[in-house]
Amino acid sequence: MDNKLLELTLRRRSVRKYKNTKVDDAVIEEIMKVALTAPTSFGHKAVEFVAVREPEMILLH
């Protein structure tokens, strides 16, 4: 079966080292699109995703 999303998730690894580089807006938008299409319990969409771009805001949380 040719399922690229399944292949990608099976190869996924958590990254604990972060770079001090800006992620392109198009990349963030694509990630958000994929995340928002993920299935939820009973079809409810009670989730929220936030992209934090300011380092000062990251340090507050």
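The model is predicted, so local features need pLDDT of at least 70, side-chain atom pairs count only at pLDDT 80 or more, and totals for chains, interfaces and linings use all residues. Residues are numbered from 1 along each chain as its sequence is written, and side-chain values use heavy atoms, with hydrogens and water left out. The protein chain has three helices and zero strands.

**Overall layout**

- Along the sequence, the pattern reads α-α-α.
- Helices (H or I, at least four residues) and strands (E, at least two) are DSSP runs, numbered from the N terminus.
- Of the 61 residues in the protein chain, 2% count as buried.
- Buried means under 20% relative accessible area, exposed means over 50%, and partly exposed lies in between (1.4 Å probe, protein chains only).
- The protein chain has an accessible surface of about 6600 Å², and carbon and sulfur atoms hold 61% of that surface.
- Accessible areas come from the Shrake-Rupley method with a 1.4 Å probe; for residues, only the protein chains shown count as cover.

**Salt bridges**

- Two salt bridges are counted. The rule asks for a side-chain nitrogen of Lys or Arg within 4 Å of a carboxyl oxygen of Asp or Glu.
- Arg-53 pairs with Asp-25, and their closest N and O atoms are 2.3 Å apart. This pair links distant parts of the chain, 28 residues apart: Asp-25 sits in helix 2 (25–36), Arg-53 in the loop between helix 2 and helix 3 (55–60).
- Arg-53 counts as partly exposed because its relative accessibility is 45%. Asp-25 is also partly exposed, at 32%.
- Lys-33 pairs with Glu-30, with 3.8 Å between the closest N and O atoms. Both residues lie in helix 2, three residues apart, which is about one turn of the helix.
- Lys-33 counts as exposed, at 52% relative accessibility. Glu-30 is partly exposed, with a relative accessible area of 45%.

**The largest pocket**

- The largest pocket holds about 820 Å³ of space. It has 17 lining residues, and Thr-21, Val-23, Val-52, Arg-53 and Ile-58 are the closest to its centre.
- On a 1 Å grid over the protein atoms alone, a pocket is an open set of points where a 1.4 Å probe fits, with protein on both sides within 12 Å along at least five of seven lines; lining residues have an atom within 4 Å of a point.
- Helix 2 gives the largest share of the lining, four residues. Helix 2 and helix 3 each supply at least two.
- By class, the lining has 12 nonpolar, two polar and three charged residues.
- Val-23 lies in the loop between helix 1 (4–11) and helix 2. Val-23 is partly exposed, at 43% relative accessible area.
- The C-alpha atoms of Val-23 and Arg-53 are separated by 8.6 Å, although the two residues are 30 apart along the chain.

**A nonpolar surface patch**

- Val-50, Val-52, Met-57 and Ile-58 form a nonpolar patch on the surface, and together they have about 370 Å² of accessible area.
- Patch residues have over 30% relative accessible area and no salt bridge; nonpolar side chains are joined within 5 Å, like charges within 9 Å.
- Val-50 is found in the loop between helix 2 and helix 3. Val-50 counts as exposed because its relative accessible area is 61%.

Conventions
Grid points are joined across faces, edges and corners, and a volume is the space filled by probe spheres set on the points. Ala, Val, Leu, Ile, Met, Phe, Trp, Tyr, Cys and Pro count as nonpolar, Asp, Glu, Lys and Arg as charged, and the others, Gly among them, as polar.
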